[in-house]
Amino acid sequence: MPKKKPFSAGRVPLILFLCQIVSALDVPLDPKLLDDLVQPPTITQQSPKDYIIDPRENIVIQCEAKGKPPPSFSWTRNGTHFDIDKDPLVTMKPGSGTLVINIMSDGKAETYEGIYQCTARNERGAAISNNIVVRPSRSPLWTKERLEPITLRNGQSLVLPCRPPVGLPPAIIFWMDNSFQRLPQSERVSQGLNGDLYFSNVLPEDTREDYICYARFNHTQTIQQKQPISLKVISVDELNDTIAANLSDTEFYGAKPSKERPPTFLTPEGNESLKEELRGNVLSLECIAEGLPTPIIYWIKEDGTLPVNRTFYRNFKKTLQITQVSEADSGNYQCIAKNTLGAVHHTISVTVKAAPYWIVAPQNLVLSPGENGTLICRANGNPKPRIGWLTNGVPIEIAPDDPSRKIDGDTIIFSNVQERSSAVYQCNASNEYGYLLANAFVNVLAEPPRILTSANTLYQVIANRPALLDCAFFGSPRPTIEWFKGTRGSALHEDIYVLHDNGTLEIPVAQKDSTGTYTCVARNKLGMAKNEVHLEIKDPTRIIKQPEYAVVQRGSKVSFECKVKHDHTLIPTIMWLKDNGELPNDERFSIDKDHLVVTDVSDDDGGTYTCAANTTLDRVSASAVLRVVDVPNPPFDLELTNQLDKSVQLTWTPGDDNNSPITKFIIEYEDAMREAGIWHHQAEVSGTQTTAQLKLSPYVNYSFRVMAENSIGRSVPSEASEQYLTKAAEPDQNPTAVEGLGTEPDNLVITWKPLNGFESNGPGLQYKVSWRQKDGDDEWTSVVVANVSKYIVSGTPTFVPYLIKVQSLNDVGFAPEPAAVMGHSGEDLPMVAPGNVRVNVVNSTLAEVHWDPVPLKSVRGHLQGYRIYYWKAQGSSKRNRRHIEKKILTFQGSKTHGMLPGLQPYSHYTLNVRVVNGKGEGPASTDRGFHTPEGVPSAPSSLKIVNPTLDSLTLEWDPPSHPNGILTEYTLKYQPINSTHELGPLVDLKIPANKTRWTLKNLNFSTRYKFYFYAQTSVGSGSQITEEAITTVDEGKLAMASRQVDIATQGWFIGLMCAVALLILILLIVCFIRRNKGGKYPVKEKEDAHADPEIQPMKEDDGTFGEYSDAEDHKPLKKGSRTPSDRTVKKEDSDGSLADYGEGVNGQFNEDGSFIGQYSGRREKEQAEGNESSEAPSPVNAMNSFV
């Protein structure tokens, strides 16, 4: 058998009915079935038990019922039959039992006040309504009374009574003034549950003449007003002054001021009281106390705790309310009133009673003849309710006897019922607090099975979900239900099916093979019925691409994607929702196929976006959250507190973080006194802080603003805070960078870096400048100057050390005593020249100079070094002089020797030495002359081939431009070059030094020769110069050759010419570059030429030089000049050190005195006899002239 279980109505909304206990039937609410079945009356609508009516409107007392045949209606009033036909003002609505009493035309509501009950009757029984107590609402006026003005001393307690007239329903009480404004209430002044106004103590501001109690009757929408009450609160001093002025006695005469007092209760009275409340109502407990100062009320439950979710405090904790009160809330409740002078307690004993309430209410029974059944009426209450039974509105004790029923307290047992057993039974449960009345019929029917579900109903179900096939049925006795699948199938017994009591067949997990036709068969002893239904299984709808969580910045664009897959026979509807509601009606929202796009995103767009796909069978959805972020809103409500001389506390309220937590706050300040409109950084604090303690400078007119920063960026600045001018104070610091340097031999210039505006700390910023000689016993000399940065002391000795102090001061006082710094008065030119100048010639281009230092006192300034002037006076072999060019080298500090590089070999030089300080040079030492030895010559100035013949070539040349000694001879080397550019044997020839022309004979005709030519001195050979030439061709042979070959058309000749042209172009480019390169002599090349370990580049930290510069370096290069590659300077001839080389006059000094510069040359033109220049060639020029 299929499993059976009670059916959940929530699982199948389409089920038409539920079966009751096994022996009872419920009649389904099917219209066709109801037309055929008889049924006892059932009351469906009635007026409330306590029915308060508006006397200004017609009275309508409701009574509606159903049954088959339709019931008839009758009424009783105050326990007797109410004959409506005799009262023209009373009518009954057609097809209904509702009474309408037309009191608007002629009548009074009070006439129809009473207890009404309705009876609905047909052939199967009678149902009755509750007793409906009809009463007209009342809103009576206050009785006229004369209210005397009330005069109290300050601090006394007071109760203003309201005592509203008794109305129906009870009035709502409130206190207002003549302007209909509610009177303010507080812990001191409040309204009690009875409507009175309680003052724990009065104050002078309570004085007024219009304390008015109002009663509002909601049922009639009327408000009644009590006469105004006048209250005057006066102080004792004021009262005694009034008494003295009137010279009359009063009860307050000589009264003393109200003293502070402990609390006492104004309500309730005494230490204990009782409170009774009905179950389900709101329990309201009240304690109002007087005292000075105003007492505070606390509540506790003595034997338990107050229920957490049902406890509420009203009226400034003077009222305790517990909702949905039950018997468990009974007990002792204690209110405690406290002030600084004491406490008072009051205990309220609470008892919770209960009007009757249902445990089991009787239910209708539908039985077939011979069946059994029960009616149960079970109720509870406090006290325990009495249960009474009626049948068809008549107490069951006096009703006609029925052998099929038996009464057992709250239960009626039916056995072997017959059709005459049909009736309506009433159960009445009552106690002193109310009653419950319920109608339940017993309907005995004999009916064959009927299936109420429509034939051939098609059920469509999503795969893997439950399938519920309906078979709503009716029959008496109750039919049995069987299900079959297919036309020839047997009853379904598999475990996968579940048969519910209401006939529904459930397939817990429907699969594709569950598709088919199902038959429901209903049987009882009176017959059989069947019905076919059809089941189709559909593929589920799925979202295969869900929208994803998005975080976007305000003003940007966001897109959500939602792709849906569904059964091909179902048509889905895709809907986008925002926060489970419709999308905003905004053009910024657009749906494009599978995408929802939102442009120009705003803060309101944040939320949950849901893609919902709906078919007729299922619904799937997927959601994603959109978080709209932006830079924070600016902070606001800036407030300055704890304002001290040098600090203040800034407090602010953060603006909205726009969904991105604030990471930090940036505080800026403005000085409105000095730099209005310019904001400076003050401090930064974490994003969790809303206060900052700020350090301030004196005498600044501060304003502050705050910016918030999150991961998106920084907010705009807040509004500026109020201004805060700090007090002036003496300066905290003195000027920095204090120096003392003389600009003239008789002055001392004292300079410093002034304080800025914030460092001045007050108005009237000045400086106290003090000085005295360091090595003397003089007192300090001081002068106060304005806010400047320099002061000049005149009449000082030349270059004397001074101690200097510069102290800040303003109108408030002086800064701390400053530390003294040392300076010097102005320098003058040195007085003494260096002595004992000695020269040691190292080799033909290098000399070492030594001298004795001058006395330091004669320097009259900071010793910067020594400067050597040197020049080539005349050549060793010639006496003629044209001009003199002087060169300068400077040696830093106290050095007493130095090297002179780049000298011209075989030359006579003169030099002198001078000491240098910050002012300039001292006198020159005595000139000292020296000679440089011979060196190798430069290359001959030119080499030309002239007068070529068949077997001879004539060479002409110019001597070397720099012979660097006495030429001893020339060397000429030459060799032939054949047509394949191979070199032949080399011929070596010596030529006397006095020759400038030489002819070579016995050469081969029409042959190319290459020549190598150089000069020699006693030291060695100079650089060579090369040239090529061709002997002439024999004319006879040439004519024969010309007839055979035109050389100009030969490929080798054309290639040769192109190569020559390219070589010439390259040589021209190299010459141009080297000519314009400049005249710097790299120390590294000199170091390579002199491997002496002392010759090292000078370092910046010890003030040594970096390179040598000659003013003549920029002269055009002379044609054909050559530089010896390895003979100009020899390593073994040098024992000097480049560390001894000096610096040019253009050299600069670092701050620590170290020298940074170049060799520099200064040309001094002097006329000299002769026609040959005596200048020494620059090594740089010599190197640059090499091609």
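Begin by selecting Gln324, which at 56% relative accessibility counts as exposed, since exposed here means over 50% relative accessible area. Bear in mind that the model you are looking at is predicted. With Gln324 still selected, read its backbone torsion: phi is near 45 degrees, a positive value in a residue other than glycine. Most residues other than glycine have a negative phi, and most peptide bonds are trans. To place Gln324 in the fold, colour strand S27 (319-322) and strand S28 (331-339), and you will find the residue in the loop between them.

Next, select Asn392, where phi is near 55 degrees, again a positive value in a residue other than glycine. Asn392 sits in the loop that runs between strand S33 (386-391) and strand S34 (394-395). Is this residue buried, partly exposed or exposed? Asn392 has a relative accessible area of 24% and is therefore partly exposed, the range for that class lying between the 20% and 50% limits.

Pro69 belongs to the loop between strand S5 (63-68) and strand S6 (72-77).

For the last stop, select Leu292 and Pro293, and check the peptide bond leading from the former to the latter, which is cis with omega near 5 degrees. Pro293 can be found in the loop between strand S24 (288-292) and strand S25 (296-301).

Methods. Residues are numbered from 1 along each chain as its sequence is written. This is a predicted model: local features need pLDDT of at least 70, side-chain atom pairs count only at pLDDT 80 or more; totals for chains, interfaces and linings use all residues. Side-chain values use heavy atoms; hydrogens and water are left out. Helices (H or I, at least four residues) and strands (E, at least two) are DSSP runs, numbered from the N terminus. Buried means under 20% relative accessible area, exposed over 50%, partly exposed in between (1.4 Å probe, protein chains only).
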